[in-house]
Every structure is written in C-alpha cells, then in structure tokens.
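Visitor: I would like to learn how to read a protein model. Please take me through some features one at a time.

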Amino acid sequence: MFSHKMRLRLIKRNLIGLLVVSCVVVTLLFSTRALLLSDNDSVNSRYVDEGGQALHQKLNFASLPELSLSVYNANFKQYVLNADRFPEEPQLVLVVQVHNRPEYLKLLIKSLQNAAEVHSVLLIFSHDYFSEEINNIVQEITFCKVLQIYYPFSLQLYPTEFPGQDPRDCPRDISKENALKTKCLNAEQPDAYGHYREAFITQPKHHWWWKLHFMWERVQVMQGYSGFVIFLEEDNYILPDFFHFYKSMIEFRKNNCPECDMLALGNHNGITDFTKLSNKVLTTGWMSTKHNIGMAISREVYYKLMGCCNDFCTYDDYNWDWTLQQLSGTCIPKPLKVLAAQGSRVLHTGDCGLHQKENCRPEWAFQKVVEGLIIIKDSLYPQSLVLSGAEPVEHKAHVLNGGWGDVRDHSLCISYSQRL
C-alpha cells in the first residue's frame with residue numbers, strides 16, 4: 001500500500017485536480033466558449049474562443065506544478081481538433097500510445113494521412129511524455145478529428161517520488177537481505193526474480209491500463225460509440241488500405257466468426273509474403289508475440305478486462321500484453337479468440353524503444369517502408385477475405401517477466417478504475 005506521506009501527496013495532487021475541474025465547470029456554465037477547434041482557424045486563433053480569450057489548449061511548461069495543472073485541465077476539457085470540418089460520428093477510433101519518439105510519430109502520422117477514408121476516423125493520442133514539439137506535431141493534423149489525452153501519473157510529473165523513482169527506493173539489484181538492512185522504501189517487495197522496481201520499466205503498463213479506462217469511460221466523444229477501437233503505438237506505420245481492410249474484417253466477423261472477441265490488423269512479419277497473404281485471415285487464441293500490434297477491441301471485451309482488474313494489476317509482469325495473455329483463459333474463463341490478418345496492415349518502424357535508446361534511424365525505417373509499398377501496392381484493397389486457418393483457442397502459458405512486484409504499482413494500477 002502507499003505510505004502515509006505518499007497518500008498525502010496523492011491527495012494533494014487530486015485536490016489540485018478537483019480545483020481545476022471546479023474552475024472549468026464554472027467557466028463552462030457562464031461562457032459560450034467553443035470547445036471544438038477547427039483546422040480552418042488561423043494558427044493564432046486555434047486556441048482562442050469567440051470572445052478572443054485564450055483556451056489554453058497548449059500545456060504550460062513554466063514549472064512542474066503548472067504542467068501538472070494543465071494536464072488535468074486538458075484531460076477535463078477534451079478539445080477535439082477539426083471537429084467542425086468532420087462533424088459526422090466516427091466510423092473508427094484509433095488510439096495511439098505516445099512516449100518520446102517524435103520522428104517515428106511523424107512517420108505514423110504521414111501513413112495515416114495517406115490512408116484511404118481517414119477523414120472518417122477519430123484519432124486519439126495518449127501521451128505519457130509532454131513536450132511542445134510533440135504537441136505541435138499532433139496539432140498540425142488537419143485530415144481527421146483529433147483528441148489528445150495525457151497520462152496524469154507520468155514520471156515527468158513525479159521525477160523524485162512514486163510513481164517516479166524515489167531516491168529512497170531500493171536499487172534494482174540489491175539483495176533483499178541488504179535492502180532490509182538499509183531500510184529502503186520497498187525492501188519487502190522485490191519481484192519474482194529478486195529485483196526491485198525501475199520506474200521507467202513500469203510506466204508503459206500503467207499508461208496502457210489507465211488509457212483503457214479513460215478512453216472507454218471518460219472520453220466524451222466516445223460516448224455512444226459501439227465499434228471497435230484499434231490500438232497503435234508511435235512507432236507503427238499503417239498501410240493505405242488499413243480502413244478498407246478493417247471494414248472487410250468487420251463484415252467477415254459478422255458472417256463467419258461472431259464469437260471472435262478481438263481483431264488483429266497487424267503482425268510482426270512485416271510485408272513478408274504479403275502478396276499471397278493480403279486477403280487471408282485466421283482465427284486463433286490471443287498471443288502477445290503475434291497480436292499486440294494493430295489490436296482492436298470492443299466495449300464488451302473492455303468490460304471483460306475490467307472484471308479482471310485486480311489480476312491485471314497484481315500480475316508480476318511489467319508488460320501489458322503478456323499480462324493480457326495470462327488473463328485469457330484464467331481470470332477470463334473462455335480464452336480470447338482473435339480474428340487475425342495474415343498480411344499485416346500495421347508495420348513496426350521502431351528500431352529503438354524501452355530497452356534501446358541509441359542508434360535510432362527512423363529515416364532508414366521509412367526508406368524500407370517506401371520500398372516495400374512499391375512491391376506490394378497491387379496487392380492492397382482485396383475484394384474479399386478468405387479464412388486460411390482456424391487454430392485452437394486455448395490459454396497459452398508463458399514465462400513470467402517480473403518487474404512488477406511493488407505493491408505501490410499494484411495499488412496505483414487498481415486505483416484507475418476507482419477514480420472513475
């Protein structure tokens with residue numbers, strides 16, 4: 001559980017957030033401010049209301065407290081860019097988890113811009129790192145509706161306290177015996193392999209679970225949406241027929257696999273054999289190593305996952321996808337069945353990430369994608385889909401990865417649903 005001091009700090013942060021919300025509500029009650037920003041506005045007027053007052057869409061980087069307040073403010077107001085240009089209800093929602101790889105993010109946005117029918121998409125960016133550069137990249141999008149949400153427990157907002165790395169935390173590789181002697185904060189809570197938490201390792205799983213809650217429960221523009229939500233990451237690249245293929249999968253599922261819980265529009269095979277696999281799909285049980293890219297889930301599956309909140313948040317694996325695989329067939333009694341694309345519509349461009357932060361060459365990745373698209377262009381937009389196989393749907397056990405043994409992580413993770 002949280003220490004008394006930590007609870008006080010979290011309460012203080014939450015009170016600040018509530019004060020911001022209260023102020024915003026009062027403002028909304030007595031104002032005619034337009035909350036939907038149009039790409040038709042000039043650069044200088046995109047963040048100005050009808051009366052000429054600033055809407056404060058941009059985050060405030062003047063200080064850590066002001067940044068934290070502006071994050072809470074943005075999550076409450078939920079400005080939707082380009083909403084008046086695309087007033088129709090979205091036919092598809094894409095959610096992109098963003099950290100701090102702006103060059104890869106630019107590639108993803110370029111691919112989205114080149115995708116057919118992208119104007120019918122609601123594009124949500126979920127950030128756990130906040131910068132003017134990244135905000136500017138996203139806010140320059142004009143080809144569809146865009147919403148930005150911000151993970152409020154980012155390490156950037158808590159640099160020297162949990163959920164960041166508290167200087168009083170135990171070093172990763174100290175033995176439990178020595179940890180108890182030094183009385184470091186989490187001495188009693190090593191992971192399954194005897195290691196202590198590293199904040200940067202835990203953040204992606206926290207962010208993914210918070211995003212899942214916030215998107216389905218708090219994002220106003222999502223209320224009433226009954227379709228699938230597709231999850232992407234900043235180092236993904238979608239093919240031009242992405243939306244066409246998604247609609248084909250929806251139709252195929254309706255007619256041939258209504259019991260399929262999830263869709264997987266991507267895999268980790270790149271464009272290998274794409275020409276012969278372009279129109280092929282298969283059914284199988286959900287696996288982390290195969291189906292965690294371009295994954296689509298419905299609100300019904302979200303509710304299944306919420307029923308396993310405690311299991312997800314206490315399972316000693318810092319990977320959200322391996323944790324999800326563990327739930328499938330255990331806490332979720334009937335293993336999750338996925339309809340998977342054989343010819344991937346989502347490519348992975350990232351040559352660096354959580355465990356590798358140097359020698360990143362996004363321009364090489366982009367050149368490889370361009371060359372590949374030339375080869376496969378005649379195989380895009382298949383007229384219909386063909387079932388190439390039906391594999392057993394069963395629980396697939398895996399080796400625990402650890403990194404998630406600290407009860408503070410468990411408590412914070414569980415609290416996301418309680419905050420709703």
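Visitor: Which residues of helix 14 are buried?

Guide: This is a predicted model, so read what follows as a description of a prediction. A residue counts as buried when its relative accessible area is under 20%. In helix 14 that applies to Arg 408, Asp 409, His 410, Ser 411, Leu 412, Cys 413, Ile 414, Ser 415 and Tyr 416. Because 9 of its 12 residues are buried, helix 14 is largely enclosed by the rest of the structure.

Visitor: What do the buried residues of helix 14 pack against?

Guide: They pack against helix 6 and helix 11, the latter spanning residues 309–314.

Visitor: How many residues does helix 14 have, and what span does it reach?

Guide: Helix 14 covers residues 407–418, which is 12 residues. From the first C-alpha to the last it reaches 17 Å, close to the 16 Å expected at 1.5 Å a residue. At the N-terminal end there is a cap: a side-chain oxygen of Asp 406 lies 2.9 Å from the backbone nitrogen of Arg 408.

Visitor: What does the check on span give for helix 6?

Guide: Helix 6 runs over residues 199–217 and has 19 residues. The helix reaches 26 Å between its first and last C-alpha, close to the expected 27 Å. Helix 6 is mostly covered, with 16 of its 19 residues buried.

Visitor: Is His 213 buried or exposed?

Guide: His 213, which sits in helix 6, has a relative accessible area of 1%, so it counts as buried. The side chain of His 213 also makes a polar contact of 3.2 Å with the side chain of Trp 209.

Visitor: Where does Gln 223 lie?

Guide: Gln 223 is in the loop between helix 6 and strand 6, which covers residues 229–233. With a relative accessible area of 44%, Gln 223 is partly exposed. Setting aside residues up to four places away in sequence, Gln 223 touches Trp 216, Glu 217 and Arg 218. The Gln 223 side chain also reaches the backbone oxygen of Val 219, at 3.1 Å.

Visitor: Which way do strand 2 and strand 5 run, parallel or antiparallel?

Guide: Strand 2, residues 80–81, runs antiparallel to strand 5, and 2 bridges join them. In this pairing Val 80 stands opposite Leu 147. Strand 4, residues 121–127, pairs with strand 5 in the parallel sense over 6 bridges. There, Leu 123 stands opposite Val 146.

Visitor: Through which helix does the chain cross from strand 4 to strand 5?

Guide: The chain passes through helix 4, residues 132–139, and this β-α-β crossover is right-handed.

Visitor: How is a pair of aromatic rings described?

Guide: Two values are used: the distance of the centres and the angle of the planes. A search of the whole structure finds 17 aromatic pairs. One of them joins Phe 153 and Tyr 158, which are stacked at 6.0 Å centre to centre with 20° between the planes. Phe 153 and Tyr 158 are both buried. Another pair, Tyr 237 and Phe 366, is tilted: 6.5 Å centre to centre and 50° between the planes.

Visitor: How many residues apart are Tyr 237 and Phe 366?

Guide: They are 129 residues apart, so the pair is one that links distant parts of the chain: Tyr 237 is in strand 7 and Phe 366 in helix 13.Tyr 237 is buried at a relative accessible area of 5%, whereas Phe 366, at 25%, counts as partly exposed.

Visitor: Which residues do ring pairs link into a cluster?

Guide: The cluster holds Tyr 151, Phe 153, Tyr 158, Trp 210, Phe 214 and Tyr 416.

Visitor: How many helices and strands are there in the protein?

Guide: The protein has 14 helices and 13 strands. Of its 420 residues, 54% are buried.

Terms used: Residues are numbered from 1 along each chain as its sequence is written. This is a predicted model: local features need pLDDT of at least 70, side-chain atom pairs count only at pLDDT 80 or more; totals for chains, interfaces and linings use all residues. Side-chain values use heavy atoms; hydrogens and water are left out. Helices (H or I, at least four residues) and strands (E, at least two) are DSSP runs, numbered from the N terminus. The expected span of a helix is 1.5 Å times one less than its number of residues. Buried means under 20% relative accessible area, exposed over 50%, partly exposed in between (1.4 Å probe, protein chains only). Contact means heavy atoms within 4.5 Å. A polar contact is a pair of N or O atoms within 3.5 Å; within protein, one must be able to donate a hydrogen and the other to accept it, and residues adjacent in sequence count only if both atoms are side-chain atoms. Two strands pair if DSSP finds at least two bridges between them. A crossover is right-handed if, with the strands pointing away from the viewer, the path from the first strand over the helix to the second runs clockwise. Rings of Phe, Tyr and Trp (its six-membered ring) pair if their centres lie within 6.5 Å; planes under 30 degrees apart count as stacked, over 60 as edge-to-face and the rest as tilted.
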